[in-house]
Amino acid sequence: MSEHFIEFRGVWKSFDTQDVLRDVSFHMDRGETTVIMGRSGVGKSVSLKLILGFLKADAGRVIVDGQDVTEMTEEQLNPIRRRVTMVFQAGALFDSLTIEENVAFPMKALGNVKRDDVDQRVAELLEMLEVTPFAERLPSELSTGTKRAVAIARALAQNPDAILYDEPTTMVDPLMAAHTGGLILKLKEAFHKTSVVVTHDTHLAKRLADKLIFLHEGEVGFFGTWDEFEKSKEPFLRNFRLQDELIPALDVTG
Ligand SMILES: Nc1ncnc2c1ncn2[C@@H]1O[C@H](COP(=O)(O)OP(=O)(O)OP(=O)(O)O)[C@@H](O)[C@H]1O
Ligand SMILES: [Mg+2]
């Protein structure tokens with residue numbers, strides 16, 4: 001048993017000859033938001049997929065809600081995937097269903113929720129994610145940022161114990177990124193749901209992170225609070241922070 005909600009114990013994951021994760025250990029606690037950062041290709045999305053069993057570790061253990069999911073079958077993983085939902089980058093909405101129907105879908109799939117309760121909960125979630133005006137529209141009529149807000153509403157519809165976000169603020173303009181970041185922050189403050197947020201967005205990370213995991217060259221380069229991260233004198237962490245400070249400076253001069 002693990003008292004943490006999610007735990008990686010000495011996890012290894014390779015593809016062909018490439019070792020992506022090398023003896024990676026960390027944990028995520030109930031009700032906390034954990035941000036995962038690190039350079040492109042370092043294994044952030046792979047880590048999320050290991051949590052949900054979409055990928056299997058080569059060695060080590062992955063524990064979710066006290067259960068060892070490392071070698072679970074698809075059938076055994078189904079209840080885990082109902083309690084821990086993932087918001088994919090592109091949203092992955094059903095194209096032929098309206099926004100309202102998309103958000104209602106997980107509740108209807110559960111089968112035991114009354115029609116009025118479904119309608120009320122859908123209305124609340126659309127309101128919370130600020131997409132009520134789009135209720136009757138189809139996903140194809142919406143921008144990427146709006147689709148992502150709907151995908152978050154749909155992920156929350158089944159009332160999961162935890163929610164995983166893979167780069168929720170990429171592929172949109174800075175204003176939309178800030179808007180989506182604001183929504184995630186609002187959800188954190190409203191629900192205190194166990195959350196994992198993979199992001200390159202340091203402004204968002206700073207606002208959201210109870211804990212930060214920084215992956216570096218296949219290992220956990222840093223695991224702690226944002227304050228500790230900012231104070232760390234590790235050269236690779238300092239470089240990462242410095243580069244980030246340069247970006248707004250370049251914007252001003254450009
Ligand atoms: N199914 C797969 N088959 C083969 N290689 C894979 C697979 N999934 C991931 N990889 C490789 O593993 C490495 C880590 O991938 P991952 O998607 O986790 O990176 P990431 O940290 O999420 O990067 P980014 O910030 O660009 O999204 C990459 O080199 C990628 O090419
Ligand atoms: Mg990724």
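Predicted model: local features only at pLDDT ≥ 70, side-chain atom pairs only at ≥ 80, totals over all residues.
Residues are numbered from 1 along each chain as its sequence is written, and chains are lettered from A and ligands numbered from 1 in the order in which they are written.

Helices (H or I, at least four residues) are DSSP runs numbered from the N terminus. Axes are lines fitted to C-alpha atoms over the stretch in contact, and angles run from 0 to 180 degrees between N-to-C directions. Helix α3 (residues 99-110) packs against helix α4 (residues 115-128) at an angle of about 125°, and the two axes are 10 Å apart. The pair is therefore oblique (angles under 35 degrees count as roughly parallel, over 145 as roughly antiparallel, 65 to 115 as roughly perpendicular and the rest as oblique). The contact (heavy atoms within 4.5 Å) involves I99, E100, V103, A104, M107 and K108 of α3, together with V118, R121, V122, L125 and L126 of α4. By class, eight of these residues are nonpolar, none is polar and three are charged (Ala, Val, Leu, Ile, Met, Phe, Trp, Tyr, Cys and Pro count as nonpolar, Asp, Glu, Lys and Arg as charged, and the others, Gly among them, as polar).

Helix α5 (residues 144-157) and helix α6 (residues 174-191) pack at an angle of about 15°, with axes 10 Å apart; these helices are therefore roughly parallel to each other. On α5, the contact is made by G145, T146, A149, I152 and L156, and on α6 by M176, T180, L183, I184, L187 and F191. This contact comprises eight nonpolar, three polar and no charged residues.

Ligand 1 is surrounded by 13 residues (each with a heavy atom within 4 Å), of which S40, G41, K44, S45 and V46 are the closest. Polar contacts are pairs of N or O atoms within 3.5 Å. A polar side-chain atom of S40 lies 2.4 Å from an oxygen atom of ligand 1, and a side-chain N or O atom of K44 is 2.7 Å from an oxygen atom of the ligand. For G43, a backbone N or O atom lies 3.0 Å from an oxygen atom of ligand 1.

Notes: Heavy atoms only, no water. Helix = DSSP H or I, 4+ residues; strand = E, 2+ residues; numbered from the N terminus. Polar contact = N/O pair within 3.5 Å; in protein donor to acceptor, adjacent residues only side chain to side chain.
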